[in-house]
Amino acid sequence: MTENSPSVWDRRFLVLAAGVGSWSKDRSAKTGCVIVGPDRLIRSTGYNGFVRGVDDDVDARHERPAKYSWTEHAERNAIYNAARVGISILGCTAYVNWFPCVDCARALIQSGITRMVGLRPDHTDPKWGADFKFSIEMFSEVAVEVALFDMPDLAARV
């Protein structure tokens with residue numbers, strides 16, 4: 001796991017991930033993911049949001065814990081979007097303006113992501129802290145390179 005200043009490209013793609021996250025209709029989180037190939041070409045994007053076709057104007061669906069059943073995380077949406085149009089993400093880097101939960105970490109690993117760039121996780125977060133620890137352990141064990149940065153201007157939470 002690397003913890004230093006982001007490169008120009010890492011910063012560009014993290015800023016883009018935050019921009020993609022801003023498209024989310026989720027009222028409490030704006031998470032984006034950009035998957036980039038070794039050639040620095042964007043392969044896929046995703047943001048946290050409601051499943052395609054689901055009515056996202058129903059107020060009750062935005063409330064916790066119900067919203068977790070109605071929505072999908074940015075990382076998995078980026079993976080699904082690539083698969084939907086037949087784009088391989090094997091050997092790519094995922095940029096996320098948050099830190100992947102354990103479900104998203106598994107999905108990134110299973111889809112062939114070899115590098116994950118994100119914001120330093122808050123291990124004390126009551127909802128996600130334990131997941132962050134599992135994610136870091138998994139990424140480390142399977143040799144996914146993780147680069148973490150302190151860039152509060154890009155944080156996914158509102």
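Analyst: D125 sits in the loop between β6 and α5 (129–141). Helices (H or I, at least four residues) and strands (E, at least two) are DSSP runs numbered from the N terminus. The model is predicted, so local features need pLDDT of at least 70 and side-chain atom pairs count only at pLDDT 80 or more, while totals for chains, interfaces and linings use all residues. Residues are numbered from 1 along each chain as its sequence is written, and side-chain values use heavy atoms, with hydrogens and water left out.

D125 counts as buried because its relative accessible area is 18%; the scale is buried under 20%, exposed over 50% and partly exposed in between, with a 1.4 Å probe and protein chains only. Leaving aside residues up to four places away in sequence, D125 touches W98 and F132, where contact means heavy atoms within 4.5 Å. A polar atom of the D125 side chain also lies 2.7 Å from the backbone nitrogen of W128. From D125 to W23 there are 102 residues in sequence and 24 Å in space, C-alpha to C-alpha.

Next comes the sheet that includes β6. It is an open sheet of five strands with mixed pairing, in the order β2-β1-β5-β6-β7. Its edge strands are β2 (42–47) and β7 (145–149), each pairing on one side only. From one strand to the next the twist averages 15°. Two strands pair if DSSP finds at least two bridges between them. Strands of a sheet pair through backbone hydrogen bonds, either parallel or antiparallel.

Strand β6 (residues 115–119) pairs with β5 in the parallel sense over three bridges, and V117 in β6 is the bridge partner of Y95. Together, β5, helix α4 (residues 102–110) and β6 make a right-handed β-α-β unit. Right-handed means that, with the strands pointing away from the viewer, the path from the first strand over the helix to the second runs clockwise.

On the other pairing of β5, strand β1 (residues 32–36) joins it in the antiparallel sense over four bridges, with Y95 as the partner of V34. In a regular strand the side chains alternate between the two faces of the sheet. In β5 (residues 93–96), T93 and Y95 point one way and A94 and V96 the other, and all are buried. Further along, β1 and β2 run antiparallel and are joined by five bridges, and I35 stands opposite S44 in β2.

Methods
Polar contact = N/O pair within 3.5 Å; in protein donor to acceptor, adjacent residues only side chain to side chain. Axes fitted to C-alpha atoms, helices over the stretch in contact; angles between N-to-C directions.
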